2 protein chains.
Amino acid sequence: MEQILPHLDSVFSIDCVLFGFDGKELKILLIERNEEPFKDWWALPGNIVGPDESLDQSASRILYELTGLRGIYMEQYYAFGDPNRHPQGRVITLAYYALIRLGGDKELRPISNYAKRANWLPITDLPKLAFDHQKIYDKGLEKIKRRIKHQPIAFELLPEKFTLTQLQHVYELILGKKLDKRNFRKKIVSFGVLKELDEKQKGVSYRAATLYRFDKRRYAKLFGKEISF
Amino acid sequence: MEQILPHLDSVFSIDCVLFGFDGKELKILLIERNEEPFKDWWALPGNIVGPDESLDQSASRILYELTGLRGIYMEQYYAFGDPNRHPQGRVITLAYYALIRLGGDKELRPISNYAKRANWLPITDLPKLAFDHQKIYDKGLEKIKRRIKHQPIAFELLPEKFTLTQLQHVYELILGKKLDKRNFRKKIVSFGVLKELDEKQKGVSYRAATLYRFDKRRYAKLFGKEISF
DNA sequence: TTACTTAGTGTAAAAATTACACACTATATT
DNA sequence: AATATAGTGTGTAATTTTTACACTAAGTAA
């Protein structure tokens with residue numbers, strides 16, 4: 001959070017890096033600030049942790065207020081508490097990331113007073129960010145890069161039914177490098193957590209690909225054997 | 001921190017899991033509380049973050065006050081903020097772990113008022129812990145298990161000069177399983193970050209082993225290629 | 001000298017990773 | 001109907017990494 005500060009000695013907030021995937025690009029949700037400091041700058045959405053909220057609850061609330069979405073995969077990843085990170089006082093913030101499948105921009109809701117607007121911006125072309133938010137974002141990306149190699153988080157960015165090419169695309173965007181198609185498919189299928197459906201992709205002007213679904217049950221069963229991409 | 005609470009709405013503290021290795025066992029430093037709540041219980045050392053301290057500084061200070069040690073490897077790993085985790089009010093705490101080479105118990109210093117005493121206790125036989133400290137400890141151990149596979153943190157627990165057997169021992173204790181001697185040596189040497197010394201172990205009643213040193217410079221150079229045990 | 005204890009070493013089999021190219025299929029276009 | 005287009009889907013061989021496994025050497029203590 002970075003809005004108007006109550007006159008407390010220290011404030012504890014949560015800031016969120018909301019990663020969204022629209023089938024093409026990886027984006028994050030940024031808000032344009034309407035308040036000093038950093039008026040007119042882009043910033044990560046955040047807010048103060050309420051007195052009766054758990055940290056996860058607080059993160060979910062922030063997400064909900066901004067997007068109307070619930071039940072999204074979120075995870076805390078780092079606390080930033082440099083005494084000078086906020087020009088107006090001591091603000092310790094805990095960073096969360098979330099992974100969201102974007103289906104058009106219908107998710108955005110009327111936003112709160114300290115922001116002019118909110119936008120999904122592609123991570124390949126981010127503006128300068130307020131406060132230490134660049135650092136927070138960088139660490140968040142680093143975190144999901146690491147996590148995608150060991151945990152089935154890529155599916156959170158995809159619709160329930162997806163093609164292997166789409167899945168590979170997500171991996172490539174997050175890892176920031178091309179992967180070999182055959183090797184990727186071999187490996188991802190070998191984990192045994194994908195369920196091949198009897199359905200094909202629709203609405204494409206070329207050969208339609210087979211759809212798959214992430215098999216949560218099976219993953220839970222095999223959980224001991226952690227995925228390692 | 002879990003000591004006397006000032007009457008604030010919310011408190012931000014740091015709790016530390018200090019892992020120590022004495023050549024035999026893996027231990028953590030616990031304090032026996034002298035105050036309610038949880039008087040006479042064992043707890044992780046912790047304290048409130050000061051107004052002008054960064055989080056890392058605060059963690060170092062807590063460590064220093066308890067052990068007199070400086071320059072120890074510490075890392076934050078998770079924030080715990082359940083509204084009910086502290087019976088007397090809202091306390092959000094950030095957990096750090098530290099890795100310390102123990103050379104006798106001479107490190108312990110006179111301790112602060114809220115503790116009767118502090119002790120290094122083997123992790124194989126821990127008492128019940130106050131608050132949610134068991135959870136904090138569990139997550140800390142989990143964290144270093146993960147991290148020891150990719151980062152050269154095992155050396156932090158050993159003296160500057162160590163034998164390969166000692167190193168293997170540290171890995172075995174943290175990972176909680178036996179490793180094959182030949183494979184371990186092959187792999188660890190292949191990373192190229194160990195410097196074999198012209199020196200042998202002393203004071204043992206059997207064949208003395210060769211001493212090694214962790215080559216930080218070389219590690220920094222190879223840093224791109226991350227270690228993967 | 002003997003007994004004891006840990007150090008130190010190699011190899012073969014199995015598994016995982018990498019590199020690599022083309023035919024197929026569905027649609028759109030003419 | 002024929003053709004162009006764009007992405008799907010598939011196999012293999014070479015290389016690298018991982019695993020399993022047991023004995024001799026060196027030093028100390030009795």
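Author: Start with the polar contact, a pair of N or O atoms within 3.5 Å; within protein, one must be able to donate a hydrogen and the other to accept it, and residues adjacent in sequence count only if both atoms are side-chain atoms. Here the side chain of Lys181(A) has an N or O atom 2.7 Å from a base nitrogen of DNA strand D. This is a predicted model, in which local features need pLDDT of at least 70, side-chain atom pairs count only at pLDDT 80 or more, and totals for chains, interfaces and linings use all residues. Side-chain values use heavy atoms, with hydrogens and water left out; residues are numbered from 1 along each chain as its sequence is written, chains are lettered from A and ligands numbered from 1 in the order in which they are written.

Reader: How many residues are around DNA strand D?

Author: A residue is near a strand if one of its heavy atoms lies within 4 Å of it. There are 18, and Lys181(A), Arg185(A), Arg207(A), Thr210(A) and Lys186(B) come nearest.

Reader: How are chains A and B related?

Author: Copies are superposed by least squares on C-alpha atoms of residues with pLDDT of at least 70 in both. A 180° rotation with 0.0 Å of shift along its axis superposes chain A on chain B, RMSD 0.0 Å. The two copies are therefore related as by a two-fold rotation axis.
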